[in-house]
Amino acid sequence: MHTPPASPFALSQASRNMGAVLILSLLGVMFGGSVLTWRIVNLPGYLGSPLHQDLWRAGHAHAALFLVLTLVLLPWIDAARGSEGLRWALRILISSASITFPLAFFLGAPNPGTVAPAPALGLLIPGAILLATGLTILVWALLRKAPAPLGQGDAE
Ligand code: HEM
């Protein structure tokens, strides 16, 4: 009889829900990749505009990268020491990069006629600050000492 393997890691219900949303969002990345493929084949201006093509490729790639990064970090966020509020802040800060970075890249050169980066590319700065804040707090929350069990704090 087939016995399913024990789960390699335990996930909180919050991370399970968020993971489901992130995995579904990868379908959006697949759709975006199909749009890029269509543009390569059917839109002559796409390959003729390095700025537009580079930034749109970066938009697609960073959406994928940060969705996968957040998925990888969900169990680590569950393991972080702190309140559930802190863990939600980490989930939001880290996953926000999969919105801010692609938005900055796509709007930074919105069409093949764009000759200079648009101001929207500046969204990379708040995006990077939010992500760096989330990653730094996650490291701190992973390494901080576990609180002493109740009643043992004043034993010494
Ligand atoms: C139907 C699914 C997909 C299609 C048709 C597709 C198509 C493409 C195309 C055409 C490019 C190059 C765009 C250009 O040069 O202008 C690209 C780049 C890229 N894609 Fe996708 N993609 C798909 C799904 C995914 C997924 C699921 C991921 C990751 C989870 C991903 C990650 C990337 C990365 C990292 C790049 C940049 C590669 C580089 O610059 O060397 N793609 N994709």
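User: What percentage of the 156 residues in the protein chain is buried?

Analyst: The structure is a predicted model. A residue is counted as buried if 20 or more other C-beta atoms lie within 10 Å of its own. Among the 156 residues of the protein chain, the buried share is 21%.

User: How many helices and how many strands does the protein chain have?

Analyst: Read along the sequence, the pattern is α-α-α-α-α-α. The protein chain accordingly has zero strands, and its helices number six.

User: Why is the protein chain described as more spread out than a compact globule?

Analyst: Along the principal axes, the C-alpha atoms fill a box of roughly 75 × 50 × 15 Å. For 156 residues the globule rule gives 15 Å. The chain is more spread out than a compact globule because its radius of gyration is well over that value, at 21 Å.

User: Which element gives the largest share of the shell around the ligand?

Analyst: There are 15 residues around the ligand, and those that come nearest are Met-30, Gly-33, Arg-57, Ala-61 and Ala-64. Two or more residues of the shell are given by helix 1 (13–42) and by helix 3 (50–79). The largest share, eight residues, belongs to helix 1.

User: What percentage of the contacts with a separation of 6 or more comes from residues 24 or more positions apart?

Analyst: Two residues are in contact if their C-beta atoms lie within 7 Å. Of the contacts in the protein chain with a separation of 6 or more, residues 24 or more positions apart account for 73%.

Key: Residues numbered from 1 in each chain as written. Predicted model: local features only at pLDDT ≥ 70, side-chain atom pairs only at ≥ 80, totals over all residues. Near = placed C-beta within 6 Å. Helix = DSSP H or I, 4+ residues; strand = E, 2+ residues; numbered from the N terminus. Rg over C-alpha atoms; globule rule 2.2 N^0.38 Å. Buried ≥ 20, exposed ≤ 12 C-beta atoms within 10 Å, placed from the backbone.
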